[in-house]
Amino acid sequence: MRTRCRKRAATAGALAFLVFVFAPVAVAVDCLDEVFIAGDDAHDDFGCSVDVAPDGTVWVVWTNNGATGRLDEDVVYSFNDGSGWSTPELIHPENGRMDYLPEISIGGDGVPWVIWMDITAEEGYRLRASHWTGTEWAPGETVREGCGRYDSFDIVAADSE
């Protein structure tokens with residue numbers, strides 16, 4: 001039986017994201033070859049978070065520096081349900097603001113939840129959240145206003161129902 005465990009993927013500059021899946025072999029554990037989700041797109045991708053759903057689908061979220069410039073960071077996702085990685089897409093609509101450092105957690109019901117920090121037009125920071133509806137991400141909701149730029153946070157999803 002193959003088991004999966006989550007491991008935060010690391011990025012460096014314009015290098016691609018790497019996701020490692022571990023499979024037990026006899027007594028030892030071997031690391032399978034790394035998988036490239038988003039190649040070098042000439043932008044700085046960073047802040048990757050990974051989780052695995054109960055059905056084995058692997059979800060990855062990260063910050064992508066938008067093509068319009070440094071202050072237009074976006075939260076992007078991709079998933080692999082066993083048939084390959086989906087095309088990376090935005091979790092939230094393009095807004096011309098900094099949206100960054102997403103964290104993903106999947107509840108026992110298999111619903112992915114993501115939180116991230118964004119900067120408002122008034123230069124304030126807030127914590128936002130969204131969840132997968134089965135076909136798309138729900139509109140982002142504000143969890144907390146008045147955050148600090150370097151606040152840290154984490155998420156543990158419970159069942160959505």
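**Note on a chain built from strands**

1. Tyrosine 77 is buried, its relative accessible area being 7%, where buried stands for under 20% relative accessible area, exposed for over 50% and partly exposed for what lies in between, with a 1.4 Å probe and with protein chains only. This residue belongs to strand β7, a strand being a DSSP run of E of at least two residues and a helix a DSSP run of H or I of at least four, both numbered from the N terminus.

2. The model is a predicted one, in which local features need pLDDT of at least 70 and side-chain atom pairs count only at pLDDT 80 or more, while totals for chains, interfaces and linings use all residues. Residue numbers start from 1 along each chain as its sequence is written, and side-chain values rest on heavy atoms, with hydrogens and water left out.

3. Taken as a whole, the chain holds 12 strands and zero helices. Of its 161 residues, 42% count as buried. The accessible surface, calculated by the Shrake-Rupley method with a 1.4 Å probe (for residues, only the protein chains shown count as cover), comes to about 9000 Å², and 53% of this belongs to carbon and sulfur atoms. Where two residues are in contact (heavy atoms within 4.5 Å) and stand at least 6 apart in sequence, 39% of such contacts join residues at least 24 apart.

4. Two strands are said to pair if DSSP finds at least two bridges between them, and β7 (residues 73-80) is joined to β8 in the antiparallel sense over two bridges. Within this part of the sheet, valine 76 stands opposite leucine 90 of β8.

5. What surrounds tyrosine 77, once its neighbours within four places in sequence are left aside? Its contacts include Trp59, Val60, Val61 and Trp62, and also Thr87, Pro88, Glu89, Leu90 and Ile91, as well as Trp132 and Trp137. Computed along the chain is one thing and through space another: tyrosine 77 and cysteine 48 are 29 residues apart in sequence, while their C-alpha atoms are 9.5 Å apart in space.

6. Threonine 63, found in strand β6 (residues 58-65), is buried with a relative accessible area of 0%. Its side chain reaches the backbone nitrogen of leucine 101 at 2.8 Å. Not counting residues up to four places away in sequence, threonine 63 touches Leu101 along with several others, among them Asp44, Phe46, Glu73, Asp99, Tyr100 and Pro102.

7. A second open sheet to look at has four strands in the order β9-β10-β11-β12, with antiparallel pairing. Here β9 (99-106) and β12 (141-147) stand at the edges with a single partner strand each, so one side of each is left without a neighbour in the sheet. Strands β9 and β10 (residues 112-119) run antiparallel and are joined by six bridges; in β10, aspartate 118 is the bridge partner of aspartate 99.

8. How many salt bridges does a search of the whole structure find? There are three, a salt bridge being a side-chain nitrogen of Lys or Arg within 4 Å of a carboxyl oxygen of Asp or Glu. Aspartate 118 meets arginine 97 in one of them, at 3.3 Å from N to O. Since aspartate 118 lies in strand β10 and arginine 97 in the loop between β8 and β9, the pair ties together parts that are 21 residues apart in sequence.

9. Aspartate 118 is buried at 1% relative accessible area and arginine 126 counts as buried at 14%, whereas arginine 97 counts as partly exposed at 23%. Another salt bridge joins arginine 144 to aspartate 151, with the closest N and O atoms 3.8 Å apart; arginine 144 is partly exposed at 46%, and aspartate 151 is partly exposed at 31%.

Key
Polar contact = N/O pair within 3.5 Å; in protein donor to acceptor, adjacent residues only side chain to side chain.
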